[in-house]
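Please look over the sequence and the model shown here before reading on. The briefing that follows is arranged by topic.

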Amino acid sequence: MMENQSFTGPLFLGKNLEYVEQGYVITEDNKIIDCGEGKISGAKKHSIIPAFINAHTHIGDHFLREKCLNMTLDAACAKRGIKENCMSAASDDTIMDGMKAAILEMLRTGTCCFTDFREGGKPGISLLKKALLSFKHKGVRAKIYARPLYHGENFIDNCDGYGARSIRAEKINMRLGRTLGIHVCETKSGELKNALDFKPDFLVHMNNATREELKKAASLNLPIILCPRSNAYFSLNAPDISAMLEEGISLSLGTDNAMTNTPSMPSEMEHTYRTNMKQVSAKEILKMATTNPAKLFTWNTGSIEKGKDANLLLMDESFLKTPDPYATTVLRLQAQKPDIMFGGKFVHYY
Ligand SMILES: [Zn+2]
């Protein structure tokens, strides 16, 4: 059994991320065993926030960094686009080295859990599982949403869910007994109706959705995963986040393709906040990287609560002491080098 570790200082407490100017957290083994308001003696002094969850990645294309600069989304990512051609020509080692580099980038920027949409059916899933093995002892974990390598491949028992490319690329009409996510309305509106034939559990993008489509998604209680930096990279419309929130939709953030964006949640939060400052609060954006994806993908993390996994980012005590600690977190965390605790252990990441 590991010794208790205790920290005290400003922090975001509970599932509503309430800011507490003087709080404490006690961990034992890999769990938070106590936390609350107040000071405890002998504890290390820090500003404390929960570690992040990246709700949507494709880390298999990390080895193609900057290969698609100034291309359209279709030229880069559609069937027989640059990505697909390069991936089928690349060796397993090349793809896996890229995936490991992407996971390391996530670890360095405070992401303990991520959901990847993996290409390449069963062999593609095995490759990601192998890459993850190198990070198991560091406490990084992933859910793998895959798609078949060929029509009829029985891949679903090897992964966590079905990650469908788009309504244009795939024709499936069964859920295969697992959860399903799908890219919808990324380049144009009007795709939701067909996407619902897939009976999805969550939608990715919806940056071109009409208000009616948002209302429909809300009526079905469908969460949306947003990747605003990816949309900007391909010069696509930005998601209407304030309309989505008005409709009561649960939103999470993901960094999308590693070939176009770093898998850094601090960078994704900063971009999202800067492009929505007048309409969306920094606290809502922080939830999109912590409590919302934790609920969607049933991770026991994303908040500082008793019984949650001890996944914490620990900064200098003064870091959160500003007029708006949420804005400070989403705007400035990318310039910090926090002590990172995953699963109750400090992670050495440089
Ligand atoms: Zn995607």
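Which residue in the turn of the hairpin formed by E16 and E17 has a positive phi? It is Gly343, with a phi of about 60 degrees, and two residues lie between the two strands of that hairpin. The model is a predicted one, in which local features need pLDDT of at least 70 and side-chain atom pairs count only at pLDDT 80 or more, while totals for chains, interfaces and linings use all residues. Residues are numbered from 1 along each chain as its sequence is written. Helices (H or I, at least four residues) and strands (E, at least two) are DSSP runs, numbered from the N terminus, and two strands pair if DSSP finds at least two bridges between them.

**Around the hairpin**
- Strand E15 (residues 312–315) runs antiparallel to strand E16 (residues 339–342), and three bridges join them, with Leu314 standing opposite Asp339.
- E16 is in turn joined by two bridges to the antiparallel strand E17 (residues 345–346), where Phe346 stands opposite Met341.

**The open sheet**
- Nine strands, paired in parallel, make up an open sheet in the order E13-E12-E11-E10-E9-E8-E7-E6-E14.
- Strand E13 (251–253) and strand E14 (256–257) each have a single partner strand, so one side of each is left without a neighbour in the sheet.
- Helix H4 (residues 121–133) packs on the sheet, where it touches strand E7 (111–118) and strand E8 (141–146), and its direction makes about 170 degrees with that of E8; contact is counted when C-beta atoms, placed from the backbone, lie within 7 Å, and such angles run from 0 to 180 degrees between the N-to-C directions of axes fitted to C-alpha atoms, for helices over the stretch in contact.

**Helix H4**
- Gly124, Ile125, Leu128 and Ala131 of H4 are buried, a term for residues with 20 or more other C-beta atoms within 10 Å of their own, whereas 12 or fewer count as exposed and values in between as partly exposed, with C-beta atoms placed from the backbone.
- These residues cover an arc of only 125 degrees around the axis, which puts them on the same side of H4; the arc is that of the directions from the helix axis to the C-beta atoms.
- Helix H3 (92–108), E7 and E8 are among what covers the buried residues of H4.

**Two loop residues with positive phi**
- Lys199, in the loop between helix H5 (192–195) and E11, has a phi near 50 degrees, and it counts as partly exposed because it has 14 C-beta neighbours inside 10 Å.
- Asn221, in the loop between helix H6 (211–219) and E12, has a phi near 60 degrees, and it counts as exposed with 10 C-beta neighbours inside 10 Å.

Terms used
Two residues are in contact if their C-beta atoms, placed from the backbone, lie within 7 Å.
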